[in-house]
Amino acid sequence: MTVADPAGGLRAAFRGHPAGVAVLTATGPDGPVGMTASSVASVGVDPPAVSFSTARDSRLAGALAGGGTVVVHLLDDTDTGLATAFAVPGAERFGAGVRWMALPTGEPWLVDVGTALRCRVLSVTEVGASLLVAAEVVELLGLRRRGRPLVWVGRAYRGVPVEDEDAVTVAADARPAPGRSPYADG
């Protein structure tokens, strides 16, 4: 079957394909920036790395120009409000009601999100109006779930029930202090 409108066909195809939801934060020239993303994927463990995409003209893309760092916050269904707030174009992302702090390395960290990864940009590839970013995980800022994994499907956020809670709750109360990396030697 040939589709006359490939972009529309792609949107329709992915409308029914669940994608995990994350919020990406970084520090730009004018302060903290962030966005909701459903494109975050694990790349590998040697080195530990993730990938994501962003619009080339986004504030996040500007913050990552020439390398830099980003915090990838993996959301669960208790974070739906954050996902919505960081998805609205032009919205105040770091205002009242959003608990965050600047890490010692400068990135904004959404402290109520149970799992966050501080990453160093390895490469940026232009793909039309988007950028595909590969980033190495250099620090783990918590590894816990407060709810069900959050996905975007059918134009809505949905919590996914998981039968084996141990599969998503690796360490219920584990949250290293900012600046302490589980990947650092010693």
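Helices (H or I, at least four residues) and strands (E, at least two) are DSSP runs, numbered from the N terminus. On this basis the secondary structure of the protein chain comprises three helices and twelve strands. The model is predicted: local features need pLDDT of at least 70, side-chain atom pairs count only at pLDDT 80 or more, and totals for chains, interfaces and linings use all residues. Residues are numbered from 1 along each chain as its sequence is written, and side-chain values use heavy atoms, with hydrogens and water left out.

The protein chain has 186 residues, of which 39% count as buried. Buried means under 20% relative accessible area, exposed over 50%, and partly exposed in between (1.4 Å probe, protein chains only). The accessible surface of the chain comes to about 10,100 Å², and carbon and sulfur atoms account for 56% of this surface. Accessible areas come from the Shrake-Rupley method with a 1.4 Å probe; for residues, only the protein chains shown count as cover. Contact means heavy atoms within 4.5 Å. Among contacts between residues at least 6 apart in sequence, 65% join residues at least 24 apart.

Pockets were located on a 1 Å grid over the protein atoms alone. A pocket is an open set of points where a 1.4 Å probe fits, with protein on both sides within 12 Å along at least five of seven lines, and lining residues have an atom within 4 Å of a point. Grid points are joined across faces, edges and corners, and a volume is the space filled by probe spheres set on the points. The largest pocket holds about 1,000 Å³ of space. Its lining consists of 33 residues, and those closest to the centre are Met35, Thr36, Ala37, Ser38 and Ser39. Two or more lining residues come from each of helix 1 (6-15), strand 3 (31-37), helix 2 (59-64), helix 3 (80-87) and strand 11 (150-153). Strand 3 supplies the largest share, six residues. By residue class, the lining of the largest pocket divides into 18 nonpolar, nine polar and six charged residues. Here Ala, Val, Leu, Ile, Met, Phe, Trp, Tyr, Cys and Pro count as nonpolar, Asp, Glu, Lys and Arg as charged, and the others, Gly among them, as polar.

Ser39 is found in the loop between strand 3 and strand 4. This serine is partly exposed, with a relative accessible area of 26%. Leaving aside neighbours within four places in sequence, Ser39 is in contact with Ser51, Phe52 and Ser53. The C-alpha atoms of Ser39 and Ala19, 20 residues apart along the chain, are separated by 7.2 Å.

The second largest pocket contains about 170 Å³ of space. Twelve residues line this pocket, with Ser42, Ala49, Val50, Leu117 and Val137 nearest its centre. Strand 4 (41-45) and strand 5 (48-55) each give two or more residues to the lining, and strand 4 gives the most, with four. The lining of the second largest pocket has ten nonpolar residues, two polar and no charged. Pro47 is found in the loop between strand 4 and strand 5, and the peptide bond from Asp46 to Pro47 is cis, with omega near 5°.

In soluble globular proteins, nonpolar side chains tend to be buried together. A nonpolar core is a set of buried Ala, Val, Leu, Ile, Met, Phe, Trp, Tyr and Cys residues joined through side-chain atoms within 4.5 Å. The largest such core has 20 residues, and Leu24, Leu60 and Cys119 have the most contacts inside it. Elements giving two or more residues to this core include strand 2 (22-28), strand 6 (69-74) and strand 9 (115-127). The largest share, four residues, comes from strand 10. Not counting residues up to four places away in sequence, Leu60 touches Leu24, Thr25, Ala26, Val33, Met35, Phe52, Thr54 and Val70. A second, separate core of eleven residues includes Val21, Leu82, Ala83 and Phe94.

Three further loop residues were examined. Arg144, in the loop between strand 10 and strand 11, is buried, with a relative accessible area of 19%. Gly114, in the loop between strand 8 (108-110) and strand 9, is buried at 1%. Arg144 and Gly114 are 30 residues apart in sequence and 4.9 Å apart in space, C-alpha to C-alpha. For Gly114 and Arg145, 31 residues apart along the chain, the C-alpha separation is 5.6 Å. Arg155 lies in the loop between strand 11 and strand 12 (156-159) and is exposed, with a relative accessible area of 60%. Phi of Arg155 is near 65°, a positive value in a residue other than glycine.
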